[in-house]
Amino acid sequence: SKFNFINGIASKNHYNPADISDEILNKIAERCAELYRAAGLYTSLGHLEIILDDNGDIHPLDFGARSPGYICSDLMDAINPSRVFVNEYFEVIRGKKIGNGYTADKNLSSMYHFYDLGDCVIKHESNLMEFLPATIKNIAYDRSALKIGSHLRIPSKDVERVGFEILSGLRKDLTIETILDAEDRFKNAVLV
């Protein structure tokens, strides 16, 4: 999906976005599986970065047997509440076969939204949830830096992020456009 970048740090990680068709998502998953098999990786959490061009061709940029902070587990759990991703992962390590992969509820979407707000001062205590439709739920958050008078800086690395929301909702509702609109209204209301 589309991402915002501040100093090269992705501020939104969107799982199962509405603006990418199931056909394309499946094509990306198949390409990812090919890359992992080619590297000899069969049981691992992973990371894949691609460029998807206008022709639908997939150009891998980076892939690895990693997922910093298990960030993917929260997003996966949000779109398949009947299963716990980390439990599934450990079962696979012990030999369980999961067929064609960890299947998501195609109607649900999830997103990590990081409060990478730039160089600013918080003038009003609020959070992104106040500006989102009621159909989008929050499953975890850190808003500790969003206090009145806090002076925030532009992050230069992941550990300098100032907070997050883990969002879950219907795929048709949790779109990048909805998030960007809410983020703009949040910034206008909160920042100096």
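Helices (H or I, at least four residues) and strands (E, at least two) are DSSP runs, numbered from the N terminus. With that in hand, let's look around this predicted model, where local features need pLDDT of at least 70, side-chain atom pairs count only at pLDDT 80 or more, and totals for chains, interfaces and linings use all residues. Residues are numbered from 1 along each chain as its sequence is written, and side-chain values use heavy atoms, leaving out hydrogens and water.

**Confidence**

- The protein has a mean pLDDT (the predictor's confidence in each residue, from 0 to 100) of 80, and 83% of its residues reach 70 or more.
- Among the elements, strand S8 (residues 137-142) has the highest mean pLDDT, 92, while strand S1 (residues 5-6) has the lowest, 40.
- Residues 1-9 have pLDDT below 50, although this stretch makes 31 contacts (heavy atoms within 4.5 Å) beyond near neighbours in sequence.
- Where pLDDT is low, the predicted coordinates should not be read in detail.

**The nonpolar cores**

- A nonpolar core is a set of buried Ala, Val, Leu, Ile, Met, Phe, Trp, Tyr and Cys residues joined through side-chain atoms within 4.5 Å; buried means under 20% relative accessible area, exposed over 50%, and partly exposed in between (1.4 Å probe, protein chains only).
- The largest core has 22 residues, and Leu-117, Leu-132, Leu-167 and Phe-186 have the most contacts inside it.
- Helix H4 (residues 176-190) supplies the largest share of this core, five residues.
- Another core, of five residues, lies apart from it and includes Ile-20, Ile-24, Leu-25 and Ile-28.

**Ser-109 and Leu-167**

- Ser-109 sits in strand S6 (residues 108-114) and counts as buried because its relative accessibility is 0%.
- Leaving aside neighbours within four places in sequence, Ser-109 is in contact with residues including His-14, Tyr-15, Ile-79 and Leu-167.
- Not counting residues up to four places away in sequence, Leu-167 touches Ser-109, and also Leu-128, Leu-132 and Ile-179, among others.

**Helix H3**

- In helix H3 (residues 85-93), the buried residues are Phe-85, Glu-88, Tyr-89 and Val-92.
- Seen down the axis of H3, these buried residues fall within an arc of 100° (taken from the directions from the helix axis to the C-beta atoms), so they line one face of the helix.
- Just after H3, Gly-95 takes a positive phi of about 115°.

**Ile-154**

- Ile-154 lies in the loop between strand S9 (151-152) and strand S10 (164-170), and counts as partly exposed because its relative accessibility is 44%.
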